[in-house]
Structures are given as structure tokens and as C-alpha cells.
Amino acid sequence: MSNKVLRPRRSSLAVPGSSVKMLDKARGLKSDQLFMDLEDAVAPLAKADARKNIVQALNEGGYEDKIRAVRVNDWTTQWTYTDVIEIVEGAGANLDCIMLPKVQTADQIVALDLLLTQLERTNGLEVGRLGIEAQIENAMGLININAIAAASPRIESIIFGPADFMASINMKSLVVGEQPPGYDTGDAYHHILMSILMAARAYNKQAIDGPYLGIKDLEGFRRVAGRSAALGFDGKWALHPDQIELANEVFSPKQEDYDHAEMILDAYDWATSSAGGAKGAVMLGDEMIDEASRKMALVVSAKGRAAGMKRTQTFTPPEA
Ligand code: GLV
Ligand code: MG
């Protein structure tokens with residue numbers, strides 16, 4: 001299991017590598033991550049130029065406040081190795097991650113890991129610094145997900161690719177992120193989301209929800225993002241600047257939950273200390289808290305702290 005401390009990825013902005021204008025505009029946007037795309041947002045004939053645009057943009061800089069990733073083409077195409085070599089040789093020092101789409105087996109991660117190691121060595125880059133983000137977009141990827149998550153310490157996130165996934169399993173819907181018409185019970189994506197989340201949590205990776213294509217429907221985005229956030233996902237893609245702020249909000253704790261988590265941690269710390277009577281289960285207001293409550297509070301407090309939140313309540317120990 002990797003012990004890498006991962007930076008927040010509440011919002012991950014997708015930008016086509018073929019658009020110099022959009023690559024440029026992304027500099028001023030407040031997404032936690034930016035990924036420059038060489039895959040499905042770039043036409044086959046535009047891929048060679050897109051590689052050059054991306055290398056130039058990364059080297060010009062201005063993205064350092066974000067996680068900088070490039071999505072290469074998947075291993076079943078003819079483009080993957082050239083994508084990786086050109087991007088890492090050209091701009092490896094100004095890049096944080098390679099995103100690999102349509103991952104189906106652990107071997108595909110190992111292949112990318114080996115290629116990255118050679119590139120880091122020959123280009124004087126720190127070996128192992130470049131991360132991998134794995135997109136799960138078909139049935140084969142999902143049934144191998146646990147092995148994929150464990151395949152390399154470079155893996156930082158496991159990402160749900162709903163559009164390709166829906167197509168690959170013959171789901172009868174064209175509206176990405178929404179329930180397929182006719183399925184009127186439960187959530188058609190629950191099994192996929194939970195499988196991704198379990199693999200991510202088992203191997204200390206981030207779980208990321210993919211795109212919501214209705215870029216004008218911000219309420220729809222909030223609803224769908226809210227579902228994966230409620231399960232415990234770490235973030236979601238943004239296809240448009242308007243989706244960034246919403247994702248940052250939905251994947252940060254609410255202020256009252258953040259305050260509550262910090263209060264639980266303080267109260268529990270105090271109660272378990274000798275000054276507090278070295279107790280294992282105590283009351284905070286009307287609530288009984290114990291070691292499991294502390295673990296739950298740690299999750300919320302870590303997300304809030306990573307998002308730069310400030311607490312608005314302080315804990316005062318009760319009079320002895
Ligand atoms: C993203 O790549 C998707 O297929 O949804
Ligand atoms: Mg896809």
C-alpha cells in the first residue's frame with residue numbers, strides 16, 4: 001500500500017490538448033486538478049499537435065497551484081507510447097501525473113509504470129515522482145479493479161468513466177450521469193461507484209467521479225456530485241469552469257460538519273487524557289463519542305483542513 005500523502009482533487013478540470021486557448025484559460029481557474037487531454041476530446045488527426053501544445057503549456061507554467069495531469073490514449077490504440085514519451089521527455093519536470101483511460105488489467109498499469117521509470121531515469125527526473133490515475137471505463141476494468149488499484153505505488157486515483165462505461169455495458173441511456181430510463185429502482189451506478197470506492201480505500205488511493213455532460217444543468221451536476229460525495233468519493237471532473245466551484249463546494253465538508261468534527265476530536269482527546277479522566281467513551285453535548293467517532297471525525301476534519309477551512313467553534317473542557 002502506498003503512503004503517499006495525496007493533494008485534494010475535489011475538482012478535476014478537463015481541457016482538450018488541441019485547444020491552446022483553453023489550455024491558456026485554465027491557468028486562472030480554481031480547480032484542484034487540471035488534466036490536459038490527448039484522448040477522446042482530441043480527434044485522431046489533431047493528436048500530434050495536441051502533444052506539442054501540452055508540452056509547451058506545461059513548460060510555460062502557471063499551473064503550479066494545481067495537480068497537473070495529462071490523459072494519454074489507452075493501450076489498445078497506437079498512440080500511448082508516443083504520448084507518454086513526448087509528454088514526459090518534453091515536460092516531465094512540470095507534470096504530476098499521467099492519466100490512463102480504459103484500464104482493463106493490472107498489466108496495463110505495470111507497463112506504464114515501467115515506461116515512466118525509464119523516462120524518469122534517462123531524463124534526470126526523480127524516479128517514482130510521476131503518479132498514475134486509472135480510469136475504469138468497462139466491465140473488464142471493473143472486475144479487475146482491486147488488482148489495478150494495487151498494481152503500482154504510482155497510482156494516486158481511480159476514476160469512474162461513466163460515458164465509456166455506459167456504452168461498454170450496453171446501458172440503454174444516452175444521458176451521462178443520469179439514471180437509465182426504465183430503471184425505476186435504486187441507483188444504476190451504485191455497484192460501480194462502491195467497487196471503485198472500496199478498491200481506492202483498500203489501497204489508499206483517491207476515488208474520483210467522472211464527467212457530467214449537461215454543462216448548463218448545474219443543479220443536475222450538484223445532485224449527481226452529491227451522491228458520490230455522500231458515499232465518500234474525493235472529487236469529480238469538471239468539463240466547464242462553472243462546474244469547478246460546485247465540485248469544490250460539494251466535495252468539501254459543510255462548515256457545521258467541519259466544526260463538529262474538530263469538536264469531537266478535541267473532546268475525545270481531552271476525555272482520553274489523564275486530565276479528562278482517561279475515559280474511552282464520553283459525552284459531547286447529547287452525543288456519545290468513542291474511538292470510532294474519532295475515526296469518522298478525522299475523515300471530515302482532514303477534508304476540511306485540506307480545503308483550507310477554518311473552524312468557527314472552540315472546545316472548552318467541562319469544569320472538573
Ligand atoms: C470519461 O472518460 C468517460 O468516459 O465518462
Ligand atoms: Mg472515457
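Begin by selecting Phe 165, which at 4% relative accessibility counts as buried; here buried means under 20% relative accessible area, exposed over 50%, and partly exposed in between, computed with a 1.4 Å probe on protein chains only. The model is predicted, so local features need pLDDT of at least 70 and side-chain atom pairs count only at pLDDT 80 or more, whereas totals for chains, interfaces and linings use all residues. Residues are numbered from 1 along each chain as its sequence is written, chains are lettered from A and ligands numbered from 1 in the order in which they are written, and side-chain values use heavy atoms, with hydrogens and water left out.

**The aromatic pairs**

A search of the whole structure finds four aromatic pairs. Rings of Phe, Tyr and Trp (its six-membered ring) pair if their centres lie within 6.5 Å; planes under 30 degrees apart count as stacked, over 60 as edge-to-face, and the rest as tilted. Select Phe 35 and Trp 237: their ring centres are 4.5 Å apart and their planes stand at 50°, so this pair is tilted. Phe 35 belongs to strand E2 (residues 33-37) and Trp 237 to strand E8 (residues 235-238), so that the pair links distant parts of the chain, 202 residues apart. Helices (H or I, at least four residues) and strands (E, at least two) are DSSP runs, numbered from the N terminus. Both Phe 35 and Trp 237 are buried.

Phe 160 is buried, with a relative accessible area of 3%.

Next, display Lys 47 and Trp 79. The charged end of Lys 47 sits over the ring of Trp 79, 4.8 Å from its centre; this requires NZ of Lys or CZ of Arg within 6 Å of the ring centre and within 35 degrees of the ring normal.

Glu 137 counts as buried at 3% relative accessibility, while Asp 164 is partly exposed, with a relative accessible area of 24%.

**The barrel**

Switch to a cartoon view. Eight strands form a closed barrel in the order E1-E2-E3-E4-E5-E6-E7-E8, with parallel pairing. Neighbouring strands of this sheet are turned by 25° against each other on average, direction ignored. Two strands pair if DSSP finds at least two bridges between them. Five bridges join E2 to strand E3 (residues 67-71) in the parallel sense, and the bridge partner of Met 36 in E3 is Val 70.

Now select E5. Six of its six residues are buried, so E5 is largely enclosed by the rest of the structure. Gly 131, Glu 133 and Gln 135 cover one side, and Ile 132, Ala 134 and Ile 136 the other; all are buried. Strand E4 (residues 97-100) runs parallel to E5 and is joined to it by four bridges, with Ile 98 opposite Ile 132 in E5.

Select Leu 119 in helix H4 (residues 106-122). Leu 119 is buried, with a relative accessible area of 4%. Leaving aside neighbours within four places in sequence, Leu 119 is in contact (heavy atoms within 4.5 Å) with Val 84, Ile 85, Val 88, Glu 89 and Leu 125. The C-alpha atoms of Leu 119 and Glu 89 are separated by 6.9 Å, although these residues are 30 residues apart along the chain.

Finally, visit two loops. Asn 204, in the loop between helix H8 (190-202) and E7, has a positive phi of about 60° although it is not a glycine. Asn 204 counts as partly exposed at 33% relative accessibility. Ala 278, in the loop between helix H11 (255-272) and strand E9 (282-284), has a positive phi of about 50° and is not a glycine. At 54% relative accessibility, Ala 278 counts as exposed.

How values were computed:
Axes fitted to C-alpha atoms, helices over the stretch in contact; angles between N-to-C directions.
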